[in-house]
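Let's take a look around this protein together. Keep the picture handy as you read.

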Amino acid sequence: MSNRVKLKDTLNLPRTKFPMQAKLVEREGERWARWETDRLYEKIQTKNAHKPCFVLHDGPPFTNGDVHVGTALNKILKDIILRFKSMQGFATPYIPGWDCHGLPIEHKVSQEHPELLQNPVKLRTACEQFSEKFIKIQEGQFKRLGILADWEHAYKTKNASYEASVLKIFSKFVKAGLVYRSKKPVYWSIPCKTALAEAEIEYKNHTSTTVWVKFLIENAPQLDLPENTYVVIWTTTPWTLPANRAIALSPTLTYVALNMPQASYLVAADLADSFVKTCQLENVSPGKTFGGKSLEGQLTQHPFLSLKSPIVLADYVTLDAGTGCVHTAPGHGIDDYLTGLKYKLDIACPVDDEGRFMDDGIIPQRLIGKAVMDGQGKSPANDGVIELLKARGALLHQSTYEHAYPHCWRSKTPVIARALPQWFIRLDTLKKKAIEVIDQVTWLPPWGKKRIQGSVQARPDWCISRQRTWGIPLPVFYDAQEQALLDATVVDHIADKIGRYGSQWWFESDASTLLKDIPMPRAWEGKSLCKGEDTLDVWIDSGCSHAAVLKQRGLNHPADLYLEGSDQHRGWFQSSLMTSLIDGNCAPYKSVLTHGFFVDENRKKVSKSDGSPQTAEFYTNKYGADILRLWVASEDYRNDIPVSENILQHVISTYRTLRNTIRFQIGNLFDFDYNQHACPIEKLTPIDRWALHETNVLIREVTEAYAVYEFHKVYQAISRYCSVTLSARYHDILKDRLYTLGADWPERRSSQTALYLICNTLLRLLAPVLSFTADEACGYLQGDEDFGYDQSIHLSDFPVIQKAWYAEDVCSDFNELFKVRERVQAELEKARQQKIIGQSLDAKVEITLGKQHPWATLLQKYQTQLTEYFIVSAVNIQNVDDNASVQMRVEHADGVRCPRTWRWVDRLVEVDGFGYVSERCEKVLNNWHPYT
């Protein structure tokens with residue numbers, strides 16, 4: 001064997017079984033299985049059982065498919081927070097939940113089994129099975145992401161005890177007199193055949209057919225107008241004209257009659273020019289003007305119905321578009337409805353559940369059966385109405401109009417406003433209280449406060465009835481005259497029974513069975529009753545989780561934190577707030593944190609319709625959960641998070657840097673036992689003191705970022721620390737002493753002491769984000785094998801600043817030394833380009849500077865360590881005139897190169913069995929023995 005090979009064998013090269021290749025996809029599942037076997041979640045809770053409690057309440061995802069990548073984002077953020085808090089010593093009970101009822105599931109099941117629509121009990125059974133199937137699937141996918149939770153005691157909104165809690169809160173709304181029934185317009189999803197609440201609506205661009213229609217003024221001559229004078233309305237929903245019962249004008253606008261040879265048209269004066277231009281009218285001259293108030297009560301003739309449409313006044317009439325004369329259909333819009341109540345108009349709604357015109361005795365026969373929306377983006381009802389208008393000569397102009405229009409969140413189709421008897425919760429008093437308590441909540445980001453305030457203030461009364469089967473029954477009864485009977489005490493008794501039997505009992509039983517042994521209100525006695533068919537809005541289901549979970553299980557109430565997507569300001573955050581106010585007169589949360597959504601490179605939300613990978617499983621199967629977790633942490637999630645292969649590859653590159661940094665540290669601790677070999681902090685070499693000082697700085701920066709949930713700052717700080725502080729500086733400098741000095745030499749043990757402390761700290765800082773990798777590396781740090789630890793890293797404490805590690809004077813020195821080093825490296829690169837040297841150890845550096853230069857004393861202080869810091873073979877310092885600036889020159893080093901360290905030295909000495917080496921290596925080899 002050659003001397004060189006023998007010399008290589010004498011180097012203390014890194015040794016570890018910690019794999020260079022992460023193979024996360026393969027290994028993470030094994031680690032999760034070990035965590036489950038070891039009951040890691042329970043151990044964490046036991047460890048902190050008597051510590052202050054931090055409750056993050058889980059907003060329940062729907063159980064209707066695989067875990068979406070957006071849901072993964074949400075769960076990962078929660079897991080990062082809870083792991084951080086538990087390592088800080090908080091008790092962190094985390095009860096995951098599932099939203100099981102409602103349209104998403106019933107829609108899917110009824111599509112697969114349409115025959116079940118005629119059998120509510122069997123349909124509910126199929127929905128329950130469908131829901132349970134995806135609970136198990138989603139639970140496995142969440143676990144694959146590394147989400148620690150009390151999975152064995154997760155809450156499900158379909159559980160009997162949960163349903164009972166919902167009805168108990170509903171009874172409080174009833175008792176407060178806030179629940180009422182009314183025939184007024186609600187959003188209606190035609191494909192799903194159900195009413196929708198505001199939170200179930202999303203706005204999308206839509207192209208509407210617009211028409212300008214003339215209504216003949218009945219007694220125009222009395223107004224000193226020509227007999228054939230018309231009020232002109234403009235509408236984007238021609239199909240609602242059969243429900244027209246009035247025309248609304250503004251009480252503050254001026255209206256003008258535009259005279260033409262054959263007719264006169266009354267419109268808002270400020271819109272007259274645009275009206276004439278749009279409708280392409282000729283020979284127009286302005287005539288008499290009127291204030292809106294003066295026209296109130298005038299009658300007009302409906303263009304194709306045998307009805308009179310009076311002129312009414314409304315403050316919402318504006319000059320934004322149209323004619324200033326607003327077609328009013330009280331059965332098809334909430335503003336119109338309120339105007340209808342004021343003027344005692346008929347709340348007409350000749351549209352059935354399927355969105356088709358029905359025979360109400362008034363509507364023309366040729367329109368009956370025509371669909372408002374046909375599913376292909378067309379409206380036969382619009383076409384039919386327009387044909388009628390043309391036939392009657394009432395259509396002045398037809399066009400199209402691009403605008404934001406409400407769509408059903410589930411079917412993604414345009415909704416209609418449709419008046420039919422529904423149940424509502426009156427929100428006027430609750431909204432006032434909500435605005436008050438919103439001020440007492442911490443909103444992160446702060447703009448969330450304005451968003452929910454605006455949403456609450458603009459919210460109409462809460463439509464809580466749904467024409468669905470899969471849900472919690474709305475416990476109302478009807479007598480033979482179809483009068484509704486709703487009583488808080490009866491609801492409480494029904495809730496108790498559903499708590500015992502589940503809500504299926506309601507659908508399997510008749511009214512007499514449901515009411516058996518329940519004290520009847522006097523007004524109900526002797527009446528023949530039937531049960532209601534509606535179910536409660538699912539936002540009540542999930543909105544009651546604060547009571548059904550937190551209060552019922554004795555957890556913090558209000559919760560310390562709610563964390564969901566920014567769309568929940570008008571969804572779960574708000575429904576939870578309203579139900580908590582009626583239940584306990586307070587908000588259900590102390591803090592609310594919101595995140596954005598995954599978007600593609602064009603900033604479009606990642607959804608099933610755009611073809612992008614949407615499931616968390618896609619990413620974990622391709623990259624591993626820790627890459628997905630690091631990706632989440634790398635972005636400022638308070639904004640939308642862009643998804644692209646380039647971004648992922650950058651995250652993967654960062655992961656490799658982190659893993660290689662950890663592997664370097666573990667590999668250089670192969671012969672180090674902290675209890676046996678550690679040096680006192682005060683006796684560490686300057687470079688090691690500097691490294692620990694910088695680690696203290698990192699602990700402070702990362703802890704502060706975790707505490708305010710700014711994980712992108714955690715990612716940035718640790719990435720910068722590993723790539724610059726450690727890899728480019730500290731590790732680079734240490735290699736010579738770690739590899740070539742004697743195993744027990746003080747300088748080497750000093751650096752190993754620092755490396756151990758740094759690695760131990762770094763892994764714990766990373767643990768909340770890289771939960772699998774940090775736990776894996778911890779085993780190799782402690783025992784150089786997988787699970788080589790006494791306990792999981794997630795049972796350890798989060799790092800805290802160590803006062804002994806601070807070394808301000810040393811840090812100040814090294815801040816300047818690294819400036820010198822950068823200058824040296826620049827000169828080394830020039831010399832390399834000029835072929836003066838090959839590698840940096842071939843170099844001798846000459847530094848000339850004035851005696852009064854700030855660097856002069858510094859370089860003298862560290863003269864003996866400069867070759868190590870600069871990774872060269874010689875450094876010569878020459879002090880000249882006081883005012884001289886720094887000059888550097890690189891030459892090839894003098895002497896001979898040591899075959900063991902590759903440093904150039906004055907001479908080599910022979911060591912028996914190894915040949916010629918430097919004098920330093922001679923001392924090492926004379927005491928060297930092979931590692932076992």
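## Before you start

This is a predicted model, so local features need pLDDT of at least 70 and side-chain atom pairs count only at pLDDT 80 or more, while totals for chains, interfaces and linings use all residues. Residues are numbered from 1 along each chain as its sequence is written, and side-chain values use heavy atoms, leaving out hydrogens and water.

## The cores

A nonpolar core is a set of buried Ala, Val, Leu, Ile, Met, Phe, Trp, Tyr and Cys residues joined through side-chain atoms within 4.5 Å. Buried means under 20% relative accessible area, exposed means over 50%, and partly exposed is in between (1.4 Å probe, protein chains only). The largest core here has 138 residues, and Ile-718, Tyr-730 and Ile-847 have the most contacts inside it. A second, separate core has 66 residues, including Ile-425 and Val-592.

Helices (H or I, at least four residues) and strands (E, at least two) are DSSP runs, numbered from the N terminus. Leaving aside residues up to four places away in sequence, Tyr-730 touches several others, among them Trp-690, Ser-751 and Ile-758; contact means heavy atoms within 4.5 Å.

Which residues does a cis peptide bond with omega of about -5° join? They are Leu-444 and Pro-445, and Pro-445 lies in the loop between β17 (442-444) and α12 (447-458). Another cis bond runs from His-557 to Pro-558, with omega near 5°.

Asn-585 isn't a glycine, yet its phi is positive, about 60°. Asn-585 is partly exposed, at 47% relative accessible area.
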